[in-house]
Amino acid sequence: MLQKSHVFSSFSVYDIPKAKAFYGSVLGIEVRDGEMGLLELHVGQGAPVIIYPKDNHEPATFTVLNFAVDNLEDMVDMLIVKGITFEQYRGDIQTDEKGICRSGGSGPDVAWFRDPAGNILSLMNHP
């Protein structure tokens with residue numbers, strides 16, 4: 001029924017100008033102003049990701065956006081220089097001192113970080 005529909009992802013933030021600066025300047029993503037105060041993230045060849053303002057925003061407790069990159073280690077290093085702090089997990093998921101969860105070949109290596117609104121984003125090895 002919905003197989004041929006146009007799909008896109010969206011998530012909220014509490015401060016659109018701060019999100020625009022973070023996604024555009026820090027992460028280097030093409031950010032466009034959308035209708036009704038929305039932001040559009042144009043990444044790769046898929047549909048844009050929509051960011052919308054929400055006064056009572058609460059950060060997602062799960063990953064809202066994943067970036068598959070060719071060299072995870074280099075990208076983590078570049079974002080650390082730009083002031084990004086990667087999440088440190090100790091438990092079922094273990095991260096190293098840089099914040100990289102190394103799968104040992106059982107899946108992609110992943111590093112998680114947060115946007116200014118507290119939403120969780122990830123970088124992972126491109127499959």
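User: Hi! What should I know about the model before I start?

Analyst: Welcome! The model is predicted, so local features need pLDDT of at least 70 and side-chain atom pairs count only at pLDDT 80 or more, while totals for chains, interfaces and linings use all residues. Residues are numbered from 1 along each chain as its sequence is written, and side-chain values use heavy atoms, leaving out hydrogens and water.

User: Which residues of helix α1 are buried?

Analyst: Buried means under 20% relative accessible area, exposed means over 50%, and partly exposed is in between (1.4 Å probe, protein chains only). Helices are DSSP runs of H or I with at least four residues, strands are runs of E with at least two, and both are numbered from the N terminus. In α1, residues 16–26, the buried ones are Ile16, Ala19, Phe22 and Tyr23. Seen down the axis of α1, they fall within an arc of 130°, so they line one face of the helix; the arc is taken from the directions from the helix axis to the C-beta atoms. Pro17 and Ser25 are exposed, on the face turned away from the buried side.

User: And how do I read the sheet?

Analyst: Strands of a sheet pair through backbone hydrogen bonds, either parallel or antiparallel. Here, two strands pair if DSSP finds at least two bridges between them. This open sheet has 4 strands in the order β1-β4-β3-β2, with mixed pairing. β1 (10–13) and β2 (30–33) are at the edges, each with a single partner strand, so one side of each has no neighbour in the sheet.

User: In which sense do β3 and β4 pair?

Analyst: β3 (residues 39–42) and β4 (residues 49–53) pair in the antiparallel sense, over 3 bridges. Leu41 stands opposite Val49 in β4.
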